[in-house]
Amino acid sequence: MKTEAHATPRGADGKGAETRKGRRARELSIKGIPISSGVAIGPIYDTAEAPAAAPRRSITASQVEAERARLTAAIAASRKQVNKLKARLAILPEEAQEELEPLLDAYAMMLGESRLIRGARKRIEAELLAAETAVEDEAEAISAAILQARDDDKAGLRRRASEVHEIARRLTRNLTQSGFRSFKDVPGGSILVAEELTPADAALLDPSRIAGVAAEEGGADGHTAIMLRALGIPSVLGLPGLTNAIARGDQAVLDGGTGTIVLRPGAEALEAGRVASMAYAKERTRLSKLRRLPAITTDGEEMELQANLEIPAELPLIAQAGAAGIGLLRTEFLFMNRQGLPDEEAHYEAYRQIVEATDGAGVTIRVLDWGGEKDMEALAEGIEPFHAGPNPALGLRGIRMLLRRPELLEVQFAAILRVAAQGPVRILLPMVTIPEEVREAREIYERVVKRVRRRGVTLPEKLPPLGVMIETPGAALAADAVALEADFFAIGTNDLAMYTLAVDRGEVEVSHLYDPLHPAVLRLIQFATEAALRLRMPVSVCGEMAGNPRLVPLLMGLGLRSLSMNASAIPRVKQMVRALNIDDCARFARRVMEQSDPKRIQELVMGFVPGEKVT
Ligand code: PEP
Ligand code: MG
């Protein structure tokens with residue numbers, strides 16, 4: 001997807017606020033990647049302005065080396081971020097490039113052997129301060145000196161001092177890593193603006209307070225995007241130049257459906273935002289009426305439409321959407337924004353709450369899928385750290401990490417077995433590539449079953465089935481062999497597309513290449529689905545594809561009868577199912593699968609009209 005930024009002076013009063021760069025600013029419209037639909041109109045809240053949660057801390061002499069190493073790592077991380085910002089300058093309009101380039105150069109210099117860095121290192125050693133305290137003290141000292149300089153250009157001095165603070169804040173954020181952001185103080189109704197939002201950050205957002213989210217980084221199907229969609233917060237990611245274009249006190253209109261944000265909107269843009277917001281609310285009311293209707297085609301074929309769940313806060317949304325249970329419970333939330341690991345009781349309590357809330361409709365619990373773009377730091381805190389390796393998406397992710405640290409798997413299995421008394425549950429293994437991984441996991445599962453029984457826990461006669469995520473090309477192409485070890489399949493099209501096309505799903509630079517409709521991805525889905533259907537084994541799709549109504553005829557035509565998606569997508573998908581005829585879907589899928597050009601497939605899918613003859 002192409003992103004662009006363009007100034008739209010129309011309607012602005014010309015007296016805008018000062019941006020971070022210090023210029024007076026007018027209305028500015030920026031286009032990014034649409035993530036979660038809905039319209040937000042409100043003041044922006046710049047997450048970079050939020051104080052990093054770094055209380056003053058002293059250290060002992062024996063900790064000096066470790067603190068210096070932390071500082072070095074934070075400098076490297078900050079440099080990488082600034083370089084990334086610089087690399088993205090090229091897609092901005094020339095005027096914006098001219099303004100931002102010197103600023104980013106100044107940041108890069110300050111991250112070299114600057115006074116800030118030298119001073120912070122010295123303070124760690126001489127004053128026995130923690131790295132973040134040393135950075136903050138040094139930045140304060142430098143900025144005080146700058147502000148006292150004899151110079152008539154007071155605005156220039158203020159700007160330089162704020163640049164020092166800005167870079168100190170970045171260092172502090174990188175030093176404090178996970179959980180550094182607290183969104184508790186964000187005024188209600190604000191549009192949150194960030195350079196980058198991690199999935200762990202997104203898990204902290206309260207959808208009843210945050211009106212919208214806008215960030216520079218991020219791809220359409222990354223975990224941050226999934227989280228935002230799950231929370232139903234209007235969101236746009238991949239907005240080039242956003243954080244440098246904003247000014248304190250700015251208002252904005254954000255449209256998550258079109259992927260635009262208008263900063264400092266004039267009267268015309270504000271009115272357009274209000275109209276879009278009203279249309280969106282009306283559409284939601286219309287869709288909510290579908291809640292109690294069955295997901296059944298015009299010729300009587302029934303579909304199972306389930307919800308994906310990222311955090312328990314979504315449970316009310318899932319109930320409202322009329323989901324037939326939870327087809328994918330991502331358990332990563334239990335490991336986020338906390339110190340140390342959750343124990344069996346913490347897992348059990350979380351699962352119990354979710355199983356009870358779904359009233360026996362069934363919950364598929366996926367064991368921890370840590371790695372890749374999912375935050376590693378929170379998990380590593382306070383325990384032996386996991387090493388993601390230089391290429392985390394290809395490293396110890398998902399089942400690989402769990403088999404390396406079976407005690408994590410054992411705790412989750414035990415908690416799931418206990419909760420099985422409360423309602424039907426299934427267990428799902430992430431990132432499988434070979435049948436052997438399923439066999440090994442099953443051995444551990446059987447051991448845990450015995451152990452839990454010995455503890456006197458009554459287990460249901462039929463134990464929770466053990467299923468496999470089909471989300472790597474390896475698993476998809478070996479689906480017939482994997483199926484012999486598995487009780488069910490859940491096709492994870494997000495990772496399947498990422499690994500098949502070698503495109504990072506959360507990376508804005510390559511987001512135009514991320515295409516689940518690529519024939520290679522579709523053929524893998526077809527192969528895995530047919531392998532399961534031959535064995536009469538349950539198979540579903542739980543990637544973001546399942547929540548796109550336009551893709552439903554194709555998925556149904558490929559033989560899928562169970563889809564799991566973000567709750568807010570269920571009404572639209574149901575509306576589509578109810579307009580379809582299953583023979584048409586099968587004919588349409590055959591037509592699509594004859595194609596080898598992704599563009600042609602895109603045209604066919606977009607051109608499909610329910611009820612119209614498929615040739
Ligand atoms: C997927 O990869 O499609 C999937 C559902 O898992 P996750 O998005 O959590 O990686
Ligand atoms: Mg996945």
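Residues are numbered from 1 along each chain as its sequence is written, while chains are lettered from A and ligands numbered from 1 in the order in which they are written. Because the model is predicted, local features need pLDDT of at least 70 and side-chain atom pairs count only at pLDDT 80 or more, whereas totals for chains, interfaces and linings use all residues, and side-chain values use heavy atoms, with hydrogens and water left out.

Begin by selecting ligand 1 and the 17 residues around it, of which Arg330, Arg366, Gly492, Asn494 and Arg505 come nearest (a residue counts if one of its heavy atoms lies within 4 Å).

Next, display the polar contacts, that is, pairs of N or O atoms within 3.5 Å: oxygen atoms of ligand 1 lie 3.0 Å from a polar side-chain atom of glutamate 471, 3.4 Å from one of arginine 397, and 3.1 Å from a backbone N or O atom of threonine 493. Taken alone, ligand 1 exposes 290 Å², and the protein buries 100% of that (Shrake-Rupley method, 1.4 Å probe).

Then select the magnesium ion, ligand 2, which Glu471 (OE) and Asp495 (OD) coordinate at 2.0 Å; donors are N, O and S atoms within 2.8 Å of the metal (3.2 Å for Na, K and Ca), and sites may look incomplete because water is not among the atoms.

Finally, colour both residues by accessibility: glutamate 471 is buried, with a relative accessible area of 2%, and aspartate 495 is buried, also at 2%, where buried means under 20% (1.4 Å probe, protein chains only).

Methods. A polar contact is a pair of N or O atoms within 3.5 Å; within protein, one must be able to donate a hydrogen and the other to accept it, and residues adjacent in sequence count only if both atoms are side-chain atoms. Buried means under 20% relative accessible area, exposed over 50%, partly exposed in between (1.4 Å probe, protein chains only).
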